[in-house]
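Thanks for coming. Please have a look at the sequence and the model before I start.

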Amino acid sequence: MFRKTVLMASIGMLLSACTQGAPETTTTSAAQAESSPPNIIFLIGDGMGFEYISAYRYAMSERGQPLASTPFDEMLIGAATTYPDDSTWVTDSAASATALSTGVKSYNGAIGVDADKHPQQTVMEKARELGWHTGAVSTSQVTHATPASFFTHHPSRKMYNAIADSLASTKYGEQWSFDVLLGGGMSYFNRDDKNWLPELREQGLTVVEDYQQLEATEQLPVLGLFAPIALPYALDDQPRLAQLTRNALRLLGDAQEQSGKPFSLMIEGSKIDWCGHANDIACVIGEMGDFAQALEVVKEFQQAHPNTLIVVTADHSTGGLTLGQGGEYEWYSERVMAIRATLEVMVPELLDRPQNEWREYLTPRLNLPLSEAHWQQLTALELETGTSGEQAKLVGKTLTAIIGEVTRTGWTTSGHTAVDVPIMAMGPHAEKLRGYRDNTEIGKLLLQIVR
């Protein structure tokens, strides 16, 4: 699905970006930044450690040809720590998003509150207070940890219904806390105990439920809910983040032209992380491609509107991804690119079939050179006992091991890791993020710019 259309560049591009500084846009827009605050576009690749960018770059490259460039390379200016406000060193998305949105560290699970559960002002809230336009785009439900931490305050990320209630009811005068909020999560706004949608529409909020409707929408504010929970994986459906990003920028850009006020937009590639939790490398590349396409849309907007700061980072890395598993000095990127479906799709469909039909089902979807031993490993699984969840876990684990062996992809955990993550930036103030930073420094800078 993701064709290798990225322009070729030299291997030294990444290093030169680190040593030579941010692109020319940083200097050319500096004078504008002094006279008027810049737009802020903050992209977060959830779970996207450095190794994910490496995997995407290799997957986009042809063996024997110069290494492909990615939209990330020219923007790399530093790295960030991600640890939460405890002794674990390993953050979750809520604590990290709180640090990125407020500049304050907190505990795992915290949504916009500090370690004592006191609400902390977010960059979106400060921007709204000063008359800016605000928005967020996510491939998960909009009530998920990252978008929630930019607009709400709750002691636990699991409070999805309460987060939806906050998003639906928090206002600044007559205005909601957002102009544009796009992603999944319809089930949290239309529940048995509360259906917010008729009330929100009556109050003047434009609620859209399909992509064609979004394309035709011109009236702010907009709440776009395109799935009951999260959007489908890009590999199983089609990339959506770039489309949502383009429409968010269209709507916010029009609003800015009318009001003269800047905007702050957060864009999350949410399901990069979900693929990492599943240890699904083909899924990872699909979501990385979706995120990269969204970044291209953002960079095109910045070229037309130079007084725009773009910041790209990750909240943490996920899965302990290794390119070159088992001691073999090889990673078969072309085999990864041949896989046609995620484990989330394949595993349930396998369990709906007798095991003697698995080979017929998997062959065109995996497209991998599996040995007879691999096929026997699958068909020999004992699935007569155990719950459906246990059966799915066993099949998924077996498929992950086989795919890992054939592609030489390794994983060390189904959770997060404590490694540093990239900082990428271009535009006004980008140089202030250069070097080795804590994730709270990103949030503090964005708040400083807004103030």
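I will go through the sheet, then one of its strands, then a pair of helices.

A note on the model: it is predicted, local features need pLDDT of at least 70, and side-chain atom pairs count only at pLDDT 80 or more, while totals for chains, interfaces and linings use all residues. Residues are numbered from 1 along each chain as its sequence is written, and side-chain values use heavy atoms, with hydrogens and water left out.

Start with the sheet. Ten strands, written 10 in the listing, form an open sheet with mixed pairing, in the order β7-β8-β6-β3-β9-β1-β10-β15-β2-β16. Strands here are DSSP runs of E with at least two residues, and helices are runs of H or I with at least four, numbered from the N terminus. Two strands pair if DSSP finds at least two bridges between them. At the edges stand β7 (206-208) and β16 (435-438), each with a single partner strand, so one side of each has no neighbour in the sheet. From one strand to the next, the twist averages 15°.

Now a pairing within that sheet. Strand β6 (residues 180-184) runs parallel to strand β8 (residues 222-225), and four bridges join them. Val180 has Val222 of β8 as its bridge partner.

Next, strand β1. Is this strand, residues 39-45, enclosed or open? Seven of its seven residues are buried, so β1 is largely enclosed by the rest of the structure. Buried means under 20% relative accessible area, with exposed over 50% and partly exposed in between, using a 1.4 Å probe and protein chains only. On one side of β1 the buried residues are Asn39, Ile41, Leu43 and Gly45, and on the other they are Ile40, Phe42 and Ile44.

β1 is joined by six bridges to β10 (residues 308-313), running parallel, and Phe42 stands opposite Val311 there. Six bridges also join β1 to β9 (residues 263-269), again parallel, with Ile40 opposite Ser264.

Last, the helices. The axes of α16 (residues 343-351) and α19 (residues 388-407) come within 10 Å and cross at roughly 120°. Axes are lines fitted to C-alpha atoms, for helices over the stretch in contact, and angles run from 0 to 180 degrees between N-to-C directions. The two helices are therefore oblique to each other; under 35 degrees would count as roughly parallel, over 145 as roughly antiparallel, and 65 to 115 as roughly perpendicular.
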